[in-house]
Amino acid sequence: QKAGQLFSGLLAMNVVFLGSAFISSMIFNQVAITLADVWILLSILKVLCLFWIIYYLLGTSRQPHAVLYRDSHAGAIWIRGSVLLFGTCSILLNVFHIGYSTILVQCKSRVEIVFPSIGILFICTQAYFLWHHSKDCIQVQHNFTRCGLMLTIATNLLLWLLAVTNDTLHVEIESQLREVERRFSGKAPSSHPHWCNETTLCTCPNTTICKVFQKGYILLYPFNTEYCLVCCSVLYVMWKNVGRRISHHHVLHTKPKFKLQGVVFGPLLGTAAVIIGACVFMIYQIQATSLAPSRQVFVIYYSYYIVLLPLMSVGAVIGTIIHALEKKELDTLKNPTRSLDVVLLMGAALGQIGMSYFSTATEAKHARHAGQHTVAAELPGEEETTLSSKQEHSQTPPGKEEDTKEQNGEAYSQRRVSVLELGQEIRKASLSYIHTYSHLSWKRRVLREISFFLVLCNIILWVMPTFGAHPVFENGMERSFYGYSTWFVIVNFGLPLGVFYRMHSVGGLLEVYVTA
C-alpha cells in the first residue's frame, strides 16, 4: 500500500511539474511556449484520464469483490451536488468559449475549438464517475487505480492553475470595452496598456450573440476553478480509500436526520441576512452592468459585509466555547474524509485572508489620498415627497366619505380576523418549539441556533461572489495598483478558495446542527 501510494504520488508530482513548466513558460516567454501548446498538453492528459475512467466504470468496478466497502463519510450529497452544479456551469463556459471562437474563427486557432470540446466530454464523464463512485473502497487493481486517480487529480490541478493564470480572453474583452468607451467619449486612440498583445486585434463583431458569449464566459469563469478544486478533493478521498477495509465501528447504524423543528432565532436572523444580502446583490449587479458603476453601490456592498462578518464571528466564538463545554463523546476514529475536511478548511481560508491583505495596502493608499476630500450625502426631495403625500390624503372628494367609512370598517374586521389567526399560528409554533426543545439542554439549543444562522450566512456569502459579484476586481482600485495581470492572478487564486471555504463550511455546520 505504501509503495503504491508513493509511486502514484510521484506520477502526479511529475505531471504537475511538467504542466507547471509549460504554463510558466507560456506566461514569461510566449514565443517558446504558446497557449495552444499548453492546451494540447492538457488535451492529451484529459484523453488519458477519460480512458482510465471508462476502464474503471466498465472493467475495474464490475469485477467480483471489487467494491466490498463504501465510505459513508465520503461523497456527501452536498459535495456531489457541487460537482454537478459547477460541472454544468463549466460545460456552459466551454460552450460559450466554442461559440466565441467560432464567430472569430478567421483570427483564432482551431485548437481554441478542439480544447473546450474535449473539456465538455471530460467534465461530463468525470462528473458521472464521481457521482456514482465517490464512496468506493476498491479492493482490486490497487496500484493501477491509484495511478489513474492521481493522474486525474494532477490534470484537474493543472486546469485550475491555467484558469488562475490565463487572462488572454479577459484581456481581449477588456481591451474591446476600453475601445468602446473611447469611441463613446470621442477621445483619440490611446496607446494600449502593457498587458495587451496580438489577441486584441481579434475584435468581436457588433452582434448580440457575440456579446452573450462574452458576458457568459466572464460570468461563468469562476465556476470552472471551483469545479477543479471540488473534483480534486473528492478524488483524493477516493485515492486514500483504495484498498481500505472498513470495520463495523465505522459504519453508521443510525444516521441523524436533518429537521427544521426546534430552531427559531437562527432561521429568523439567517433569513434576514439572506434577504438583505439578496437585495444588496441585485442592486450591485444592476449597477455593475453599467459602464461606470457608482461609488455608492460599492459602499452598500462593503457595508453589508462589515455588519454581517462581525455577527458571524461572535456567533462562531460563542459556538466554539459552548461546544468545548459540551461533554459529548467525540468520534475519534481515523477517517480520510474528516482529515481532509480540516486541511481544506484551513487551506481555503488562506484565499480570502490573502485577498484581504492585498486589498488592505490599496485601501490604505486610497484612504490617504481621499482624506483630503469630503463627500456629502443627502436625501433629495424627502420633505417635498412627505408634504405632497399629506396633501393627497387630505384631498378626499366629499361624496365618497361614506363609502370610504364602510370600506374601512370591512378592512378593519378582516384585519382583526387575520391577526387572530396569526396569533393562533404563533401559539402553535411556540408550543411546538417548547415541545421539541424540552429534552435538549441549553447548550444544545444555542448550538443549533448558532449553527443554523451560520449556515444561512455562509450560503448567501457563497452565492454572492459565485454568481458574479466581484467588487474586488470591478472597483478598479486594486487593479490599477497592482496591474491588470497581477491582480487577475490574485483574484482568481483567492476568490475560488474563498467560495470553496464558504461551501465547505456549510457542510461542516450542517453536521454540527444535525449532531446537536
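**Loops, rings and a surface patch**

Biologist: Q141 sits in the loop that runs between strand 2 (136-138) and helix 5 (142-165). About how many degrees is the phi of Q141?

Modeller: Keep in mind that this is a predicted model. Most residues other than glycine have a negative phi. Q141 is not a glycine, yet its phi is positive, at about 50 degrees.

Biologist: Is Q141 buried, partly exposed or exposed?

Modeller: The relative accessibility of Q141 is 27%. Buried would need under 20% and exposed over 50%. Because 27% falls in between, Q141 counts as partly exposed.

Biologist: Which loop holds H65, and is H65 buried or exposed?

Modeller: H65 also has a positive phi, near 60 degrees, without being a glycine. Its place is in the loop between helix 2 (35-58) and strand 1 (67-70). Since its relative accessible area is 60% and the cut-off is over 50%, H65 is exposed.

Biologist: Let's turn to the rings. What kind of aromatic pair do Y301 and Y302 form?

Modeller: There are 16 aromatic pairs in the structure. In the pair of Y301 and Y302, the ring centres are 5.9 Å apart and the planes make 85 degrees. An angle over 60 degrees is the criterion here, so this pair is edge-to-face.

Biologist: Which residues do ring pairs link into a cluster with Y301 and Y302?

Modeller: The cluster is built from ring pairs, and Y301 and Y302 belong to it.

Biologist: Over which ring does the charged end of R448 sit?

Modeller: A charge over a ring turns up at K46, whose charged end is 4.1 Å from the centre of the F115 ring. For R448 the distance to the ring centre is 4.3 Å, and the ring belongs to Y513.

Biologist: How much accessible area does the nonpolar patch with M13 have?

Modeller: M13 is part of helix 1 (residues 2-28), and at 37% relative accessibility M13 is partly exposed. Patch members need over 30%, so M13 passes that cut-off. Together with L6, F7, L10 and F17, M13 forms a surface patch whose accessible area is about 520 Å².

Biologist: And what percentage of the residues in the protein chain is buried?

Modeller: The protein chain contains 16 helices and two strands. Of its 516 residues, the buried share is 42%.

Note on methods. Residues numbered from 1 in each chain as written. Predicted model: local features only at pLDDT ≥ 70, side-chain atom pairs only at ≥ 80, totals over all residues. Heavy atoms only, no water. Phe/Tyr/Trp six-rings, centres within 6.5 Å; stacked < 30°, edge-to-face > 60°. Lys NZ or Arg CZ within 6 Å of the ring centre and 35° of its normal. Patch = residues over 30% accessible without salt bridge, like charges linked within 9 Å, V, L, I, M, F, W, Y side chains within 5 Å. Areas by Shrake-Rupley, 256 points an atom, 1.4 Å probe, with all protein chains shown as cover. Salt bridge = Lys/Arg side-chain N within 4 Å of Asp/Glu carboxyl O. Helix = DSSP H or I, 4+ residues; strand = E, 2+ residues; numbered from the N terminus. Buried < 20%, exposed > 50% of the residue type's maximum accessible area, 1.4 Å probe, protein only.
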